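Please read it alongside the sequence and the structure shown here.

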Amino acid sequence: MDMQETDIIYNLLTYLNSSKEEDVYYSIALTMVQNLDIIPGCSINELADLCYTSTATISRFCRKFGYSSFPQFKSEMAYGLEQAKHEVFLDDSEKEYIEKNPNHVIDKVYDLVLETLILGKKSLRIAKIDELCQLIHEAKKVHFFGYQFNKIVASDLQLKFIKLGKFIYAFADHGDDSQKIELLSEESLAIVMSVSGKIGHQHLMEEIHQRGAKIVLITMNPETPLADLVDYLFVIDGLESNFTVSSISGSIGFLTALNIVYIRYGLLYPKK
């Protein structure tokens with residue numbers, strides 16, 4: 001199962017981890033993550049009191065995270081917490097088996113990752129990798145869009161590619177992609193990473209197209225409904241967990257395949 005790619009809890013944590021200064025928004029975000037369970041039941045006045053701030057500041061905070069209002073923010077928080085209740089789900093028989101054989105957890109996760117890597121290896125073609133390398137090389141600006149662990153994958157690539165002489169954008173933000181979108185132009189290449197390739201990315205694709213940028217979608221879903229919205233589709237075979245909400249193997253498959261892209265790029269376009 002693919003993760004909820006606009007996970008509000010993840011966005012709050014990312015903001016805390018990436019903020020340079022402990023300003024009023026930092027204080028609000030910290031108070032929220034320390035009191036997650038009560039947020040859905042709070043009025044805006046109660047939350048403002050809890051955060052020692054004003055209702056107007058709470059409203060601005062919600063808009064900063066891409067929500068039109070506090071009720072919408074609160075609704076997304078309730079959804080995120082409901083999802084978290086079922087973060088790891090196994091049927092009763094498997095739970096009973098694990099109680100008697102706890103090492104089965106190790107086998108279950110490693111077997112999933114290994115099968116994903118094997119499927120990915122079989123599906124990759126050097127011609128497709130070279131095509132992606134050429135797109136990255138020729139683009140004046142390259143911008144990676146990813147969520148949750150894929151942001152870490154993008155940041156890792158950013159460091160590797162700058163050593164090869166190619167700068168790519170890979171911002172660690174709190175879910176508001178407006179700053180990223182504004183940097184795009186007709187000379188840009190936007191690379192979107194999504195294990196499931198769900199229709200939820202449609203709005204992002206449309207905004208990128210409005211800036212005139214070319215779009216590459218990297219996904220594990222060959223039947224993605226987003227195929228008609230992108231210029232290039234890069235499919236990596238693999239599996240994702242059917243016993244957790246969060247990604248277990250998909251992003252590892254992405255990381256491995258993109259490491260191949262990085263090495264191939266270095267060979268095709270050596271730094272002068």
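This is a predicted model: local features need pLDDT of at least 70, side-chain atom pairs count only at pLDDT 80 or more; totals for chains, interfaces and linings use all residues.

Helices, of at least four residues, and strands, of at least two, are runs assigned by DSSP and numbered from the N terminus.

**Cavities**

- Lining the largest cavity are Lys 128, Glu 131, Leu 132 and Leu 135, together with Val 216, Tyr 232, Leu 233 and Phe 234.
- Helix H8 (126–138) and strand E4 (232–235) each contribute at least two residues to the lining of the largest cavity, and H8 gives the most, with 4 residues.
- By class, the lining of the largest cavity comprises 6 nonpolar residues, no polar residues and 2 charged residues.

**Helices H9 and H12**

- The axes of helix H9 (residues 149–163) and helix H12 (residues 250–268) come within 10 Å and cross at roughly 15°; since angles under 35 degrees count as roughly parallel, H9 and H12 are therefore roughly parallel to each other.
- The crossing in which H9 passes H12 is right-handed.
- On the H9 side, the contact involves Phe 149, Asn 150, Val 153, Asp 156, Leu 157, Lys 160 and Phe 161, which meet Ser 251, Phe 254, Leu 255, Leu 258, Asn 259, Val 261, Tyr 262 and Tyr 265 in H12.
- The residues of this contact between H9 and H12 divide into 10 nonpolar, 3 polar and 2 charged.

**Helices H1 and H5**

- Helix H1 (residues 8–18) packs against helix H5 (residues 70–84) at an angle of about 105°, with their axes 8 Å apart, which makes H1 roughly perpendicular to H5.
- Ile 8, Ile 9 and Leu 12 of H1 meet Phe 73, Glu 76, Met 77, Gly 80 and Leu 81 of H5, and the residues of the contact divide into 6 nonpolar, 1 polar and 1 charged.

**Helices H6 and H7**

- For helix H6 (residues 92–100) and helix H7 (residues 104–123), the axes come within 8 Å and cross at roughly 120°, and H6 and H7 are therefore oblique to each other.
- Glu 94, Tyr 97 and Ile 98 of H6 make the contact with His 104, Val 105 and Lys 108 of H7, and by class the contact of H6 with H7 has 3 nonpolar, 1 polar and 2 charged residues.

Definitions and conventions:
Residues are numbered from 1 along each chain as its sequence is written. Side-chain values use heavy atoms; hydrogens and water are left out. Axes are lines fitted to C-alpha atoms, for helices over the stretch in contact, and angles run from 0 to 180 degrees between N-to-C directions. Angles under 35 degrees count as roughly parallel, over 145 as roughly antiparallel, 65 to 115 as roughly perpendicular and the rest as oblique. A crossing is left-handed if the near helix is turned anticlockwise from the far one by less than a right angle, and right-handed if clockwise. Contact means heavy atoms within 4.5 Å. Ala, Val, Leu, Ile, Met, Phe, Trp, Tyr, Cys and Pro count as nonpolar, Asp, Glu, Lys and Arg as charged, and the others, Gly among them, as polar. On a 1 Å grid over the protein atoms alone, a cavity is a set of points where a 1.4 Å probe fits but cannot get out, and a pocket is an open set with protein on both sides within 12 Å along at least five of seven lines; lining residues have an atom within 4 Å of a point.
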